[in-house]
Amino acid sequence: MATSSPSTTKLSFSSTEIPHLSPSSPKYPSLAPSPFLKTPQTLFSLPKHPSLSLHHHHPSLPFKLSSKNPISDFFPSDASDDKPREECGVVGIYGDPEASRLCYLALHALQHRGQEGAGIVSVHNNLLQSITGVGLVSDVFTGSKLDQLPGSSAIGHVRYSTAGSSMLKNVQPFVAGYRFGSVGVAHNGNLVNYRALRAMLEEHGSIFNTSSDTEVVLHLIAISKARPFLLRIVGACEQLEGAYSMVFLTEDKLVAVRDPFGFRPLVMGRRANGAVVFASETCALDLIEATYEREVNPGEVVVVDADSISSLCLLPHRDRKACVFEHVYFSLPNSIVFGRSVYESRYAFGQILATEAPVDCDIVIAVPDSGVVAALGYAAKAGVPFQQGLIRSHYVGRTFIEPSQKIRDFGVKLKLAPVRRVLEGKRVVVVDDSIVRGTTSSKIVRLLKEAGTKEVHMRIASPPIIGSCYYGVDTPSTEELISNMMTVEEVRDFIGSDSLAFLPLNSLRKLLGNEAPTFCDACFSGNYPVLPKESKVKRVGDFVDDGLNGTVDAGWTDAPVNQMVMKYNGPV
């Protein structure tokens, strides 16, 4: 049952909250537009450290292990949700009389990017109206609620976080009032300098209502003395480090901004009536019959109002570092992300696996849904039939009642059911998109063997994940990543498969060709374009406190030593 909150309440900021800071203050970069300069790429690399060696097994670890499989000490034995999660999806629409209803449909198309919170803000009679709620888009919004959001402009957001009623206060879009009007914002990404910015703002009197890093952006806009509003956004973004694809809504403007590295996707399209649409993926454009025009470029600010569409490259330019995991797992196969077809990428990943890690088999199956396209590519290249050996239930929530007589691998069995007639007596290749902790993979292998398979060969359509993500993806700490702690053979032994192969990182880069340097593959390589400069890093999507109870520190964890000692290997 969803909890929704129709409201026009704003986070109240005073433009005089920080009386001693001005655009020329040394604590704030200049709020004047930055020249569009080609700045040398800055790339930090983790030092050679045992925890990042794929083929090195740790003889000793800085924590006590209770089993031969160190990864099993980090999670409950019944854990079944073992995938990285995209933090959220955003949409913005300007110039359509049914903006909020179109926003609602676009959020449906982006539901895979966040399932636990949704919100829409629209503008009507120069007033920003907001409805947010906990649950799926269809749970939060009804026809009567959408009737409360009239107007021709709107922004929307879907969010992933941990379950609980305390999440409601952190559901976006956020709306803030300041002395020149109101502004709403929806943000996809993660700011690596959030704590430092928040501490600075609190020191000068700012009061925070949530524990979301997005609220920092609103405070920075509110305290800016720059005019017009565009320069307030630019001035705020100049102080942000990390990943952000954001849409802003004011009484008369829709603004889209993407960080200088372009970590997270953001596309622009147009409906037949001329309405402008921004969204995290092109699948959202398709549903509302908007034609894809282009990406919002890294470092670009796009301003839409009644008179024009202005495109300004006002943020410092960096070499693009788009998240390659969008093509591995997050985005839908029917989307075009970073100018590439997600379907074609995944199909090619499967073909590469069939070429570089062949094995004698009778059938190829996928771990649905994200492994399906790669499995099709593998089967086509190997000349082996593709079969639907696992059926996924799409009706399983995050909570369920288990019988008192405990069922082994209960969580996985609720979600995946083997087709015994397909599997019995067969040598099976199983294609999945990734292995994070290894828990789900081990249970899937056991499930397939119990269904009568003769052999189970796991093929993973991504390189081994050895590093956490700080750019808006929920990944565990490095000590919880099984490929960071074990060799490929040790991982194979842990999950119990007859063989195991990953997509080689070099092959992935070769597939990307000349564009390979423009993708961030830090989770596979350990090379981070932007590293947190703080002693604590955000546990993205891994804590319950959202500002209603607990402390701000509840969502933060000490950064591992090997992430704080950085080696600079870029140009000066």
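How many helices and strands does the protein chain have? The protein chain has 18 helices and 32 strands. Both are DSSP runs, numbered from the N terminus: helices are H or I with at least four residues, strands are E with at least two. This is a predicted model, where local features need pLDDT of at least 70 and side-chain atom pairs count only at pLDDT 80 or more, while totals for chains, interfaces and linings use all residues. Residues are numbered from 1 along each chain as its sequence is written, and side-chain values use heavy atoms, with hydrogens and water left out.

**The whole chain**

- Of the 572 residues in the protein chain, 59% count as buried. Buried means under 20% relative accessible area, exposed means over 50%, and partly exposed lies in between (1.4 Å probe, protein chains only).
- The protein chain exposes about 22,300 Å². Carbon and sulfur atoms supply 53% of that area. The areas come from the Shrake-Rupley method with a 1.4 Å probe; for residues, only the protein chains shown count as cover.
- Take the contacts in the protein chain with a separation of 6 or more: residues 24 or more positions apart account for 73% of them. Contact means heavy atoms within 4.5 Å.

**Nonpolar cores**

- A nonpolar core is a set of buried Ala, Val, Leu, Ile, Met, Phe, Trp, Tyr and Cys residues joined through side-chain atoms within 4.5 Å.
- The largest nonpolar core has 48 residues. Phe325, Val364, Tyr471, Leu508 and Phe524 touch the most other members.
- Helix H9 (residues 342-356) gives this core its largest share, five residues.
- A second, separate core has 32 residues, including Val183, Val216, Leu220 and Ile221.
- Phenylalanine 524 has contacts beyond its neighbours within four places in sequence; among them are Val324, Phe325, Pro463, Ile465 and Leu508.

**Helix packing**

- Two packed helices are described by the angle between their axes and the distance between the axes. Axes are lines fitted to C-alpha atoms, for helices over the stretch in contact, and angles run from 0 to 180 degrees between N-to-C directions.
- Helix H5 (residues 214-223) packs on helix H6 (residues 229-237) at an angle of about 130°, with the axes 8 Å apart. That makes H5 oblique to H6. Under 35 degrees counts as roughly parallel, over 145 as roughly antiparallel, 65 to 115 as roughly perpendicular, and the rest as oblique.
- H5 passes H6 in a right-handed crossing. A crossing is left-handed if the near helix is turned anticlockwise from the far one by less than a right angle, and right-handed if clockwise.
- In H5, Val217, Leu220, Ile221 and Ala222 meet Phe229, Arg232, Ile233 and Ala236 in H6.
- H6 is mostly covered, with nine of its nine residues buried. They include Leu230, Arg232 and Cys237.
- The axes of helix H4 (residues 194-203) and H5 come within 10 Å and cross at roughly 45°. H4 is thus oblique to H5.
- Tyr194, Leu197, Arg198 and Leu201 of H4 make the contact with Val216, His219, Leu220 and Ile223 of H5.

**Two loop residues**

- Asparagine 334 sits in the loop between helix H8 (325-330) and strand E19 (336-337). Asparagine 334 counts as partly exposed because its relative accessibility is 47%.
- Not counting residues up to four places away in sequence, asparagine 334 touches Thr282, Cys283 and Asp286.
- Cysteine 313 lies in the loop between strand E17 (309-312) and strand E18 (322-323). At 29% relative accessibility, cysteine 313 also counts as partly exposed.
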